[in-house]
Amino acid sequence: MSTPTMTPVAPGRTERRVAVQPVTPPRVLRSEWIKLRSLRSTKITLLVSFLLMAGIGLLTAAITASQWSHLSASSRASFDAVSTVLQGHQFAQLAIGVLGVLVISSEYSSGMIRSTFAAVPTRLPVLWAKAGVFSVVTLVTMTIASLVAFFSGMAVLSSHHLQVALSAPGVTRAVFGAALYLAVVGLLGVGLGALLRNTAGAIASLVGLLLLVPPLVGLLPSTISTHITPYLPSNAGEALLNVHHQAGSLSPWAGFALMCGYAVVALAAAAFVMRRRDA
Amino acid sequence: MIEVNGLIKRYGEKTAVNGLTFTVQPGLVTGFLGPNGSGKSTTIRTIVGLDRPTAGSATVNGKPYAQHKAPLAEVGVMLEARAIHPGRSAFNHLLALAATHGIAVSRVEEVIDLVGLREVARKRAGQFSLGMGQRLGIAAALLADPQTVILDEPVNGLDPEGVRWVRQLLRGLATEGRTVFVSSHLMSEMALTADHLIVIGRGELIADASVAEFVQRASGNSVRVRSPQAAALRELIGGPDVSVTSEEAGVLTVKGVDSDRIGRIAAEHGIALFELAPQQASLEDAFMELTQDAVEYKAPTTNDRQLASAGRNSI
């Protein structure tokens with residue numbers, strides 16, 4: 001800062017000394033990228049997600065391989081190599097979902113949101129940028145994790161000639177679908193976090209929706225539950241990971257589209273209230 | 001320039017701001033004073049678009065804050081409540097804000113130096129002391145070299161050196177022709193920094209005046225008179241607009257008559273005076289007196305404006 005001069009300055013515009021550009025979506029995107037990468041908690045949670053996605057598939061594959069000779073004929077017949085190595089998605093979705101919630105709820109809990117909205121007072125670009133940055137980061141890391149899970153798991157299973165090639169029908173879709181599924185779970189987390197603005201509440205809602213609602217619906221009489229179960233977010237999205245069509249499940253892309261629909265609804269509701277509420 | 005017009009903000013049943021109208025001029029340091037809970041922070045949040053007014057409006061440099069294409073270049077704001085993620089370093093916090101306006105990294109480094117956070121810039125902000133947090137808030141406010149600077153209680157938690165630094169910074173910004181709006185609940189601080197004062201209480205405007213005018217208007221300055229014939233003098237100077245009190249034998253505190261007139265009256269009547277001293281109320285006294293009862297001490301001009309705005313808003 002220059003020292004104040006003694007000559008009186010006429011009130012009005014001062015000379016601009018710092019180059020400043022208008023706020024645009026790409027700049028907000030860049031800002032959100034800086035925010036995401038500058039938190040230790042982001043890196044740790046992403047690492048945990050990676051280990052869960054890549055590691056659990058490998059672990060189950062290794063256990064299956066070691067127990068193969070003791071398995072019953074029916075267990076052997078129903079064995080699905082692809083779903084075994086991609087099983088990590090069920091655990092990774094918790095870490096990804098929590099991170100999705102935190103991306104926005106931590107700004108509300110710390111007060112950072114006020115700095116954010118002061119810089120971007122139209123607000124919605126912030127929500128879209130957060131969703132965009134986070135889904136791309138999740139998609140990239142989880143695609144790598146899913147490929148690691150697939151190839152390492154298949155390598156282990158090959159000892160019993162149980163491996164399935166990536167080129168087999170539906171397998172590529174399942175492997176990349178696991179990453180897509182996780183990215184959409186993350187978006188659902190962002191939506192719930194922005195809607196509820198409260199970390200604990202949003203995490204509880206997300207976990208409830210993904211993990212508690214399906215078994216609860218299962219308690220209903222099957223005449224009712226079979227009409228609901230396939231349409232629940234996690235079940236719908238997981239259809240994308242099925243290599244073989246399973247009874248009572250939506251087709252892969254229809255299921256995934258429905259799950260995207262849930263995330264869109266959460267984000268749209270968040271956008272609606274974000275513009276109106278006081279920060 | 002900040003223009004607040006008939007601003008009303010209610011949170012449910014509670015009215016935080018009740019019909020505020022004022023203008024903050026460039027080239028001056030304007031103090032925004034009021035007891036805690038009087039609506040200062042709410043007003044500031046509304047000016048920068050964080051809170052939506054229930055009625056009325058606030059504009060900055062002619063437009064609502066949110067309509068500026070590069071809002072940080074128009075208004076730099078430091079809010080009272082912390083607005084920093086504790087897990088992020090000061091540098092990255094500023095870098096993320098800078099990115100929204102395409103501001104260069106060199107400017108981020110510049111404001112870090114300006115507020116004296118160089119050594120801790122890479123540390124997580126959660127480890128910062130209150131004073132360091134304030135400095136980071138000020139750095140964020142100055143980042144885009146804004147035309148208007150709004151600081152909510154900037155000296156809270158600062159050491160004396162820091163307080164002096166803020167004072168000089170604000171004066172410097174005003175000298176450059178910027179609009180500087182600083183809230184405080186400490187009159188003594190404002191007395192040293194501000195040129196102009198906007199005083200509010202219970203969400204309503206109490207005074208909008210220069211510091212000098214404010215003191216005069218607030219307490220009606222008094223004159224201390226010591227005389228062996230105090231009782232006689234008291235009779236002579238009494239009148240409808242004059243108040244005379246005495247807390248000590250032979251000493252009068254007179255309001256409503258200036259010292260020249262008291263001196264003349266005493267001379268005419270041959271009354272000896274040992275002491276005749278105009279007393280100026282300190283800003284602190286003036287402030288306390290004004291804010292004791294927001295309604296009773298409302299300045300008439302203010303009242304009219306509020307009635308006018310209340311009428312508009314009831315439609």
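## Basis of the model

This is a predicted model, in which local features need pLDDT of at least 70, side-chain atom pairs count only at pLDDT 80 or more, and totals for chains, interfaces and linings use all residues. Residues are numbered from 1 along each chain as its sequence is written, while chains are lettered from A and ligands numbered from 1 in the order in which they are written.

## Chain A

Chain A has 12 helices and 0 strands, where helices (H or I, at least four residues) and strands (E, at least two) are DSSP runs numbered from the N terminus. Read from the N terminus on, its elements therefore run α-α-α-α-α-α-α-α-α-α-α-α. The C-alpha trace of chain A spans about 95 × 40 × 30 Å along its principal axes.

Of the 279 residues in chain A, 44% are buried, a residue being buried if 20 or more other C-beta atoms, placed from the backbone, lie within 10 Å of its own. Among the contacts in chain A with a separation of 6 or more, 79% join residues 24 or more positions apart, two residues being in contact if their C-beta atoms, placed from the backbone, lie within 7 Å.

## Where the chains meet

The contact between the chains takes 42 residues from chain A and 48 residues from chain B. On the side of chain A that touches chain B, the elements giving two or more residues are α1 (25–37), α2 (40–67), α5 (89–110) and α6 (112–119) of chain A. By class, this side of chain A has 20 nonpolar, 12 polar and 10 charged residues, with Ala, Val, Leu, Ile, Met, Phe, Trp, Tyr, Cys and Pro counted as nonpolar, Asp, Glu, Lys and Arg as charged, and the others, Gly among them, as polar.

## Chain B: domains and sheet

The domain assignment, which is automatic or from a database, divides chain B into domain 1 (2–216 + 284–313) and domain 2 (222–279). The C-alpha centres of these two domains of chain B lie 44 Å apart.

Chain B also holds an open sheet of 3 strands in the order β2-β1-β4, with antiparallel pairing; two strands pair if DSSP finds at least two bridges between them. The edge strands are β2 (14–24) and β4 (55–60) of chain B, each of which pairs on one side only, and the twist averages 20° from one strand to the next. Strand β1 (residues 2–11) of chain B pairs with β2(B) in the antiparallel sense over 8 bridges, and Val4(B) stands opposite Phe22(B) in β2(B).

Helix α1 (residues 40–47) of chain B lies across β1, β2 and β4 of chain B and runs at about 115° to β1(B). Here axes are lines fitted to C-alpha atoms, for helices over the stretch in contact, and angles run from 0 to 180 degrees between N-to-C directions.

Note on methods. A residue is buried if 20 or more other C-beta atoms lie within 10 Å of its own, exposed if 12 or fewer, and partly exposed in between; C-beta atoms are placed from the backbone.
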